[in-house]
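Hi everyone, thanks for making time this morning. I'd like to walk you through a model, so please have a look at it on the screen while I talk.

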Amino acid sequence: MNAHAGAPMRAPYYAETGNECALFDAAHENGLPLLLKGPTGCGKTRFVEHMAARSGRRLYTVACHDDLTAADLIGRYLLRGGETEWVDGPLTRAVREGAICYLDEVVEARKDVAVVLHPLTDNRRTLMIDRTGEELTAPPGFMLIASYNPGYQNVLKRMKPSTRQRFLAITFGFPDPETEIAVIAEESGLEQGRVAPLVRLGGHIRNLSGMDLEEGVSTRLLIYAATLMAGGMGVEKALEAAVIEPLTDDDDVQTALRDLVATVYG
C-alpha cells in the first residue's frame, strides 16, 4: 500500500482560487468529512497538505488503487520476532491520534472500503476493528478527506450516491491564467515572463481534451516543464519530456501538440 504520514510542518505554497480554505476550516471545526473532485494535477493533494499544515494536524495520505482493501486501512496482525502483533493501518492511526486521513482517488479502492468509511462519515464517527474487538470513536480534530477524478469514473468504478452524500464536496478545476502563472513561477523558480507562454500552451492543449486527448495537461506537468526550463533545458526538449510524451502515445496527436508548441513559441 502506498501510504505515508506527515507531521505538522510549515504550510506548503497554495494559491486559493475560491472559498475552499474557509470550507475546509468549517468542515474541520465541525468534524465533517470532505470530498474533493477534480482532474489530475489540479492541486487537490497540495490543498490538503497546505490545510493540514495550517491546522497543525498530522496528515495520513493513502494513494488508493485496485487492490486496496479495508484491512489495508484498518490494520492487520503481523509476525514480528516470533510473536503475532497487531499493527494499525493509516486510517486507524489517524482516528486514534485525531489526525487527518486523506484517501486519494478513493473510487479506485475495493468496495469493502466504503463499508468501513460509512460509520466514520456520519454522526457516529466510529471505526470498528473486528480483529481486535475495538470500536474507536474519532476525537475532535480527526477529519476524513477523499478525492476522485470524475473524468475517470465508469460503470465499474463510480462513487455511489449513498457514499457521496456523506461528504461535503468541492469541485476543483485548473486555476485561471494569472493564478496558474503565479503558482508555476513559485514552484519552479522560472520567471513569470517565461511562464506566461507555457500557461497559454496549457490552455490550448486543454481545449483538445475530450477530442484527441483523454485529459488536458495538468498544472503539475506544466510545473515540471518550467522546472526543466529554469534549470537550463531548452523549451522544445523540456516540453517534449514534461508535456508531449506524458500526455499521449499517439503519433498523430504528438505531432499536433508539437505544432501547438511551435505556434505558441513561434
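Predicted model: local features only at pLDDT ≥ 70, side-chain atom pairs only at ≥ 80, totals over all residues.

Let's begin with the rings. A pair of aromatic rings is described by the distance of the centres and the angle of the planes. The structure holds 4 such aromatic pairs. Take Tyr14 and Phe47: their ring centres are 5.3 Å apart and the planes meet at 50°, so this pair is tilted. Where do Tyr14 and Phe47 sit in the chain? Tyr14 is in the loop between strand 1 (2-6) and helix 1 (20-30), while Phe47 belongs to helix 2 (residues 44-55). That puts them 33 residues apart, and the pair links distant parts of the chain. Both Tyr14 and Phe47 are buried. They also belong to a cluster, in which ring pairs link Tyr14, Phe24, Phe47 and Phe172.

Now compare Tyr77 and Trp86, an edge-to-face pair with 5.1 Å from centre to centre and 70° between the planes. Are these two buried or exposed? Tyr77 has 39% relative accessibility, so we call it partly exposed. Trp86, on the other hand, has a relative accessible area of 18% and is buried.

The charged end of Arg206 sits over the ring of Phe174, at 3.9 Å from the ring centre.

On to the hairpin. Strand 4 (residues 75-80) and strand 5 (residues 83-88) run antiparallel and are joined by 6 bridges. As one example, Leu78 has Glu85 in strand 5 as its bridge partner. There are 2 residues between the strands, and in this hairpin Gly81 takes a positive phi near 60°.

Further along is helix 4 (residues 90-97), where Pro90, Leu91, Thr92, Ala94 and Val95 are buried. Just after helix 4 there is another glycine with a positive phi, Gly98, at about 70°.

Finally, the largest pocket, which holds about 840 Å³ of space. It is lined by 37 residues, and those closest to its centre are Gly41, Gly43, Lys44, Arg46 and Arg220. Elements that give two or more residues to this lining include strand 1, helix 2, strand 3 (59-63) and helix 9 (219-230). What is the lining made of? It divides into 15 nonpolar, 12 polar and 10 charged residues.

Conventions
Residues numbered from 1 in each chain as written. Heavy atoms only, no water. Phe/Tyr/Trp six-rings, centres within 6.5 Å; stacked < 30°, edge-to-face > 60°. Helix = DSSP H or I, 4+ residues; strand = E, 2+ residues; numbered from the N terminus. Buried < 20%, exposed > 50% of the residue type's maximum accessible area, 1.4 Å probe, protein only. Lys NZ or Arg CZ within 6 Å of the ring centre and 35° of its normal. 1 Å grid on protein atoms, 1.4 Å probe; cavity = no way out; pocket = protein on both sides within 12 Å on 5 of 7 lines; lining within 4 Å. Points joined across faces, edges and corners; volume = space filled by probe spheres on them. Nonpolar A, V, L, I, M, F, W, Y, C, P; charged D, E, K, R; others polar. Pairing = 2+ DSSP bridges.
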